[in-house]
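Please examine the sequence and the three-dimensional structure shown below. The paragraphs that follow lead from the overall fold to individual residues.

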Amino acid sequence: MNWRTKEDDALMKCIVNELVRDKWRVENGFKCGFFNDLEKELEKFLPGTDLKANPHIDSKVKYWKVT
């Protein structure tokens, strides 16, 4: 799947908003359920999106970590 710029931007905003709450951080990444919560937040930014926690958000975050 190719991500559009607006999807990338929305995902980054959601990640920042969720991490500011500080309930999702752990030493080696994110707590279990973080990507599912992101999926719900992303729906608010992009109504009707078909992006799911797994595989879409999970693989995008892994891609960002590598690059």
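What does the secondary structure of the chain come to? In this predicted model, the chain contains three helices and two strands. Read from the N terminus on, these elements follow the order α-β-β-α-α. The radius of gyration of the chain is 11 Å, close to the 11 Å that the globule rule gives for 67 residues, and the chain is therefore as compact as a globular protein of that length. Along its principal axes, the C-alpha trace spans about 30 × 25 × 20 Å.

The next topic is how the chain packs and what its surface consists of. Of the 67 residues in the chain, 36% are buried. Contacts between residues at least 6 apart in sequence can be examined for how far along the chain they reach: 46% of them join residues at least 24 apart. The accessible surface of the chain comes to about 4,700 Å², and carbon and sulfur atoms account for 51% of this area. As for charge, the chain carries 13 positive and 12 negative side chains. The centres of these two sets lie 1 Å apart.

A single residue may now be followed in more detail. Asp 37 belongs to helix α2, which covers residues 34-45. Is Asp 37 buried or exposed? Its relative accessibility is 17%, and the limit for a buried residue is under 20%, so Asp 37 counts as buried. When its neighbours within four places in sequence are left aside, Asp 37 is in contact with Glu 18 and Trp 24.

The cysteines remain to be considered. A disulfide is a covalent bond between the sulfur atoms of two cysteines. How many disulfides does a search of the whole structure find? The search finds zero. A disulfide would require the two sulfur atoms to be within 2.5 Å.

Cys 14 is buried, with a relative accessible area of 1%, whereas Cys 32 is exposed, with a relative accessible area of 80%.

Definitions and conventions. Residues numbered from 1 in each chain as written. Predicted model: local features only at pLDDT ≥ 70, side-chain atom pairs only at ≥ 80, totals over all residues. Heavy atoms only, no water. Buried < 20%, exposed > 50% of the residue type's maximum accessible area, 1.4 Å probe, protein only. Helix = DSSP H or I, 4+ residues; strand = E, 2+ residues; numbered from the N terminus. Rg over C-alpha atoms; globule rule 2.2 N^0.38 Å. Contact = heavy atoms within 4.5 Å. Areas by Shrake-Rupley, 256 points an atom, 1.4 Å probe, with all protein chains shown as cover. Lys, Arg positive; Asp, Glu negative; His and termini not counted. Charge placed at Lys NZ, Arg CZ, Asp CG, Glu CD.
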